[in-house]
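Please keep the sequence and the 3D view open while reading.

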Amino acid sequence: MVERATSETWVRLRLGLDGPPGGKVDTGLPFLDHMLLQLQRHGRFLLEVEARGDLEVDVHHLVEDVGIALGMALKEALGEGVGLERYAEAFAPMDETLVLCVLDLSGRPHLEYRPEEWPVVGAAGGVNHYHLREFLRGLVNHGRLTLHLRLLSGREAHHVVEAGFKALARALHRATRRTGEGVPSTKGVL
């Protein structure tokens with residue numbers, strides 16, 4: 001269980017990488033809840049999230065801080081990384097949209113995601129593809145992973161953001177499986 005409190009947000013999050021899939025999600029932002037449920041379902045994780053934020057200002061702070069809390073919980077759940085698959089990739093289509101997520105649970109935070117290069121229009125429930133970047137940045141920096149997210153086709157914000165969450169969920173599920181022995185690095189540590 002991870003808890004994060006700032007003057008702008010409060011987040012309590014529980015993550016179980018081996019499930020069972022499910023858990024209550026309530027952030028006060030329905031579209032963010034919908035995306036977290038995609039992580040839960042397609043990642044096959046136990047994911048419980050209770051959060052509040054200064055939505056009267058903007059959705060940015062809440063979206064970012066939920067990403068930070070998820071990164072903190074992921075880092076905690078991975079421990080030393082013994083036996084992890086470590087690398088994974090996943091595509092997720094949604095109608096006209098196709099997104100690719102590639103990640104490495106390397107211990108080195110790096111995000112390759114350039115929404116300004118994407119021809120996406122609109123927002124969904126106040127959330128746009130720039131907010132997705134803030135969520136991912138929080139996840140990457142606090143979960144200490146390398147993540148590449150690419151939009152291969154699509155323009156509609158709801159589909160782009162949702163396909164991004166689904167691809168992330170599927171890649172996280174694969175990368176967090178315990179498939180070997182020892183730490184998956186020639187350095188001996190992640």
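## The cavity

One cavity of 30 Å³ or more is counted. A cavity is a set of points on a 1 Å grid over the protein atoms alone where a 1.4 Å probe fits but cannot get out. Grid points are joined across faces, edges and corners, and the volume is the space filled by probe spheres set on them.

This is a predicted model, in which local features need pLDDT of at least 70 and side-chain atom pairs count only at pLDDT 80 or more, while totals for chains, interfaces and linings use all residues. Residues are numbered from 1 along each chain as its sequence is written, and side-chain values use heavy atoms, with hydrogens and water left out.

The largest cavity has a volume of about 50 Å³. Its lining (residues with an atom within 4 Å of a point) consists of L15, L39, F45, L47, L70, L74, L139 and L172. These are eight nonpolar residues, with no polar and no charged ones. Ala, Val, Leu, Ile, Met, Phe, Trp, Tyr, Cys and Pro count as nonpolar, Asp, Glu, Lys and Arg as charged, and the others, Gly among them, as polar.

## The sheet

Four strands (DSSP runs of E, at least two residues) form an open, mixed sheet in the order β1-β2-β4-β3. Strands pair if DSSP finds at least two bridges between them. At the edges, β1 (2-5) and β3 (25-26) each pair on one side only.

Strand β2 (residues 9-16) pairs with β4 (residues 46-53) in the antiparallel sense over eight bridges. G16 has L46 of β4 as its bridge partner.

Key. On a 1 Å grid over the protein atoms alone, a cavity is a set of points where a 1.4 Å probe fits but cannot get out, and a pocket is an open set with protein on both sides within 12 Å along at least five of seven lines; lining residues have an atom within 4 Å of a point.
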